Amino acid sequence: MKQLMTLFLVMCGISLMAQDYFPKNDGVKAESHNYQAFTNATLHISPTETIKNATLLIRDGKVINSGKKVSIPENTTVTDLDGKHIYPSFVDIYSNFGVKKPKRAESSNSPQYDASREGYYWNDHIRPEQNAIEGYAFDAKTASDIREAGFGVVNTHIADGIIRGTGSLIALSPSGTDASRILSDRSAQYLSTSKSITSRQSYPGSLMGAMALIRQVSYDAEWYAKGLSKTKDRSLEAYNNNKSLVQIIEAGSKLNDLRLDKVGNDINTQYVIVGGGDEYEAIQDIKATNATFIIPINFPDAFDMEDPIMANTVTLGDLRQWNQKPSNPAVLSKNDVPFAFTLHDLKKPSEFMPNLLKAIEYGLDETAALAALTTVPARILGKSEEIGSLKNGSYANFLITSGAIFDKETTVYENWVLGNKHEIVSMNTKDIRGDYELKIAGATYDLNISGELSKLKSTVKTDAQTLGSKIAMTDDWMSLTFSSVDTTKQDFVRLSSKITNIENLNGSVILPNGKETTFNAKKSASKDDKKSEDKKDVKSDSDVKIFPVTYPNKAYGFTEKPKQQTILFKNATVWTNEDDGILKNTDVLVKDGKIAQIGKNLSARNATEIDATGKHITAGVIDEHSHIAASAVNESGQNSSAEVTLEDVVNSDDINIYRNLAGGVTTIQILHGSANPIGGRSAIIKPRWGESAQNLIFAEAPKTIKFALGENVKQSNWGSYALTRFPQTRMGVEQVYTDYFTRAKAYDALKKSGQPYRRDMELETLVEIMNNERFITCHSYVQSEINMLMAVADAFDFKINTFTHILEGYKVADKMKAHGVGASTFSDWWAYKYEVNDAIPYNAAILHNQGIVTAINSDDAEMSRRLNQEAAKTMKYGGVSEEEAWKMVTLNPAKLLHIDDRVGSIKVGKDADMVLWNDHPMSIYAKAEKTLIEGTVYFDLDRDLQAREAIKQEKNELTTMMLQAKNKGLKTQPIVKKEDKLFHCDTI
Amino acid sequence: MKHINIYILFIALLISTSSFAQQTPGSKQTKAIAIVGATAHIGNGQIIENSVVVFENGKITSVNSGNTNTSGMTVIEAKGKHVYPGFIAANTALGLVEVDAVRATDDQNEVGDMIPHVRSLIAYNTESKVVESMRPNGILMAQVSPKGGRISGTSSIVQLDAWNWEDASIKTDDGIHLNWPSSFSRGRWWLGEPAGLKPNKEYANQINEVTNFITGSKTYLKGDKKPKHLPFEAMQGLYNGSQKLFIHVNDEKGITDAVHFAKENNIDQMVIVGGAEAYKVTTLLKQHNIPVLINAPHSLPANEDQDYDMPFKLAKQLHDAGILIGIQLGNRENFQTRNLPFYAGTCAAYGMEKEDALKLITSNTAKILGIDSFVGTLEAGKDATLFISEGDALDMRTNILTEAFIQGRQISLESHQTELWKRYSEKYKNP
């Protein structure tokens, strides 16, 4: 049986060579199938299986056997590895090794909307038909660099496009040919959210567009697989072919990790996610994805903080990243999130090991570290039997090291790939690192030799003077040059020595005057011991101070996520927004996230009492039109983008969430921009500072979508670049709607008929509108277009829900009333573009007076935190009563969003979304003191004041640490001042 | 017959106003006017309850409490109301820009680096619909500033009820505007540099260019001035003290450098415009008595670490440090100028005394612009440029003007906007 096994393995070995049928014209056939054995080694078969004094037997590029008792055949070359370790070589499955960089499309002076290719998918950025193996060429230089970092195998791919096609598993052995090096030519399918540089096709122009496109491709591929397409689509065919492969998607940040995992869930795919190194900031959510991760290990350098004015521009969040990011692998590991490491994101492979050692110093378990480099990546690719361990039958890819691999002192001698030896540092190299007492011609110097074995460093001192010196060692010959004591002269002392005994170095010297003499250098043992003890101290965990993560992990984040409370507000002026009007000297009890009681002299057990005498309580402010807390706002790649949703790109880390809370805002509709007539679906959120993007979503809110009219959709202010996209006039806008709704109607009819159809997310969304399952908020300015859209809606038998901006709404209030549409407008904006010439601040008052549900919105990160003031302007402009004015930023937008059963007024049973103001809420002198969402205090003025102090202290501490790092000689990066990216309707 | 005539006149007036939009400037004050019973906000920190404000021939003659003989005067009963000096908006685009996005309506940004000879006043459009929308909010005067280049040109100060720019000017060519070099420059991302801001390597060079220009102009002005050099010629006022240098700068380093620059070049009359980080260099500013026209406080903090209310409370911090401050409009959209009173109100919400906050748009601004001898407060001898509001004019709920006067002339509080309001309100009343 055992013999049979051996025979089988031998046959495998032969087939591995695979070239035995090739003709040979430059000599005779000379294959060698000898064995190689490595004996007396500490053999790490896998991260969890270590055998001491073991033998590893390999042949024909594979592991034949291993263990304490391995019988060694006669035709075996034996290498004694006494005291040394053998590890499986590392595996990087997120590489673009050997792949030619695609060529960038030439620029042009008008946008490109259609695909460049024919016979493929309609979108150039979908390229599943690509295969890394095409255009791949073994790159010996890079292979050598990667091998030196300990890697034996990489999975490479074409890092271009959204769906990037298949990758190939390549062994990094320069010996042999690609016939043996290519271990698998279709090993995984790769994806990202970045467009191909080979095409200028506009769509998708945003992250949410890319996410929608990935979903749509999946639906299209399903339809295509059923044979329903009349034409050939090589992309969809390839996609279907690649479906059974592992799907690896580049996310690049914790937010994107979560977003793309969700996309995967929608199309029944569990992606392997290439993360960003910030997963520790949201580890529970990351864990909940159940995904396996590929984690870059590119830790930021300290900032150069020496110029205090520049230093002031660095934010706490960025300072913390320097301190915390090295702990990311440890946090993942401690939370049992499976992950593999990658060289991706590193400038060069040689940065890998120092960073990994840092991660270990920051708490990463060594076994987990090794697994992340070997068994986990192998498992991701389904190649556990072949790579990532030294099990019998695996490829003979292994490292020979001087000691435990993650010990700082350890030298990696050799990296064997497919049974071929690649020497990094000769095993015979004498380790002369240490302190020596160097004597030359009666003079004594202190010589210290340090650094890596392959790259030694020297320091030569005499008395207190340090002399410039350089050391090198080749084949046991050391050469050392140092400058003479007299620094006014440019001359040198040159030593050379054949090293035989590392305790005692002897050799010849050429003195500055040209005379030759001899030297002797004795190792000073005592100093050396002391030094290694010092090093041990440094290694202990207590020396690494990792600042605690907050939620979100930046200024004003919570150390612990806040919880719902039972709170009794006593003696407030309560703006109910209900029939009760404004109640004086009234108590409000908040319990279980709801408004539990409103009345006089209330009491409640276990409630935190807050004296609100002289203060005002209102429902939280609702902003119907906002673009904060989003990582994208416009998908302008097409004139309709109903398939995209802002829910995909909610940015839970946006500081404007906190600033909005400080202005009393408790519900926000994040709208798509106004770059196209049919925009994207909205996200209605509650600004729960510190929660994940998913938890911000107002789950009970109905579905909504943004439409837009006027100058923005016809690209009037885009200059001469954009003159080709339909529509360029208001006339065209009507036709876009008529066309899309006509198509949506036909689509719905086909779908309902039971006949096969292609699932189209864009048309599905429009069908929802026609079925009154999704509400339109439409960006609008002038009366003609407002009337037009109502007419289109009437023709297709649905209603427009809200006109937003609606600055000429006052001209058509009667028609709006008849249609039943609401209005959400600016208090006083105008004169910023031509179509707002007739915008008047009395708009809200007129609309309100005509019985239209009217709200005041912000469309602006700054204004949204002062919507109470904006509501007050309706009192000035048009004389709206204070109660009705207040409803314009609370109850009325709640009605427009169809969430007024939950929020918008102070009523028993409604969500406890409320604000405690120090003054009349619409007074210019009012400040929000506390903002609650469902009974949880998300903003508290007192906590804010404490946070300011804490931020200063922590920044100071981190700054000091960075200055210390610089003084220690660690690399720093220059400060680049960041600018907050703020979105408006027309942000592209 | 008489009635019919009036009717025709009314119709004619209606047609003319709705077709030309602008309001007809008020006619010269012919009779003394007394505003009786209002709370007078003097603009210098004082309040006079139950006041009598009298003005005649366009000038304020007395501001008293209680009993003043008003016989022979037109009396405006204003009990329960408030009277304020006309608000002054500094550093605006009023009359230079009509519609931000329409290039043809933008006359603020001239070509060239050192163009002090470019004068805003001659481009000031008295017919602007944006200008007339200021007045119902109490803004009756404005500094109209050019914007482009390093030295942008020369500003002037106007009152907002005029037939033409000659009528409008209350101080012609009041100051020269200098855009201080930025300490940061943007990474050239198209060359693969990080896109953020990094220290501007050209900073020192750019300052030198300004210094050279100053030196060049001084030398020129000492000589026979031949051949004529228009830009150098335009600098004269800075050196003889008749003009101020408005240095637009926000960051700590820039402000510090700008102050030293002005001292080294013997420019006595300088004003910091912007000053977002002025709170970091209050000692220096106080030492040299440099006033600051701060940015409109309705703006976001500079970065995510900064206190959420930093822009709101900047005025309080500078005021407490003893620095003379006013509010300017700078980078806001042109139309936002009308929110000036609410910017002052916000400064009061975040720490300032209300009457001190009022100074930010009245007496302080007048001092900073060098027009305090005739406007900025309700004091005898000054222009009767003032208004009556139903309530606190710094609060949007109660900033409701009933009457306004510029140089004693009662002005219309109507605008293109109020006309549309009335027209369409009427439409729904009589469908």
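Student: How many residues does the contact take from chain A, and how many from chain B?

Tutor: Start with the general idea: two residues are in contact if their C-beta atoms, placed from the backbone, lie within 7 Å. Here the contact takes 49 residues from chain A and 43 residues from chain B. Keep in mind that this is a predicted model, where local features need pLDDT of at least 70, side-chain atom pairs count only at pLDDT 80 or more, and totals for chains, interfaces and linings use all residues. Residues are numbered from 1 along each chain as its sequence is written, and chains are lettered from A and ligands numbered from 1 in the order in which they are written.

Student: Which elements give two or more residues to the side of chain A that touches chain B?

Tutor: Elements are DSSP runs, numbered from the N terminus: helices are H or I with at least four residues, strands are E with at least two. Among those on this side of chain A are helix 8 (308–311), helix 9 (316–324) and helix 25 (941–967) of chain A. Helix 22 (867–876) of chain A is also one of them, and the largest share, five residues, comes from helix 22 of chain A.

Student: What is the split by class on the side of chain A that touches chain B?

Tutor: Ala, Val, Leu, Ile, Met, Phe, Trp, Tyr, Cys and Pro count as nonpolar, Asp, Glu, Lys and Arg as charged, and the others, Gly among them, as polar. That side of chain A has 27 nonpolar, seven polar and 15 charged residues.

Student: What domains does the assignment give for chain B?

Tutor: Domain bounds come from an automatic or database domain assignment. For chain B it gives domain 1 (24–86 + 377–413) and domain 2 (87–375). The contact between them takes 28 residues from domain 1 of chain B and 27 residues from domain 2 of chain B. On the side of domain 1 of chain B that touches domain 2 of chain B, strand 5 (82–85), strand 16 (386–389) and strand 17 (401–406) of chain B each supply at least two residues. Strand 17 of chain B gives the most, with three residues.

Student: And in chain A, how far apart are the centres of domain 3 and domain 4?

Tutor: Taken over C-alpha atoms, the centres of domain 3 of chain A and domain 4 of chain A are separated by 29 Å. Their contact takes 28 residues from domain 3 of chain A and 32 residues from domain 4 of chain A. On the side of domain 3 of chain A that touches domain 4 of chain A, the largest share, three residues, comes from strand 41 of chain A.
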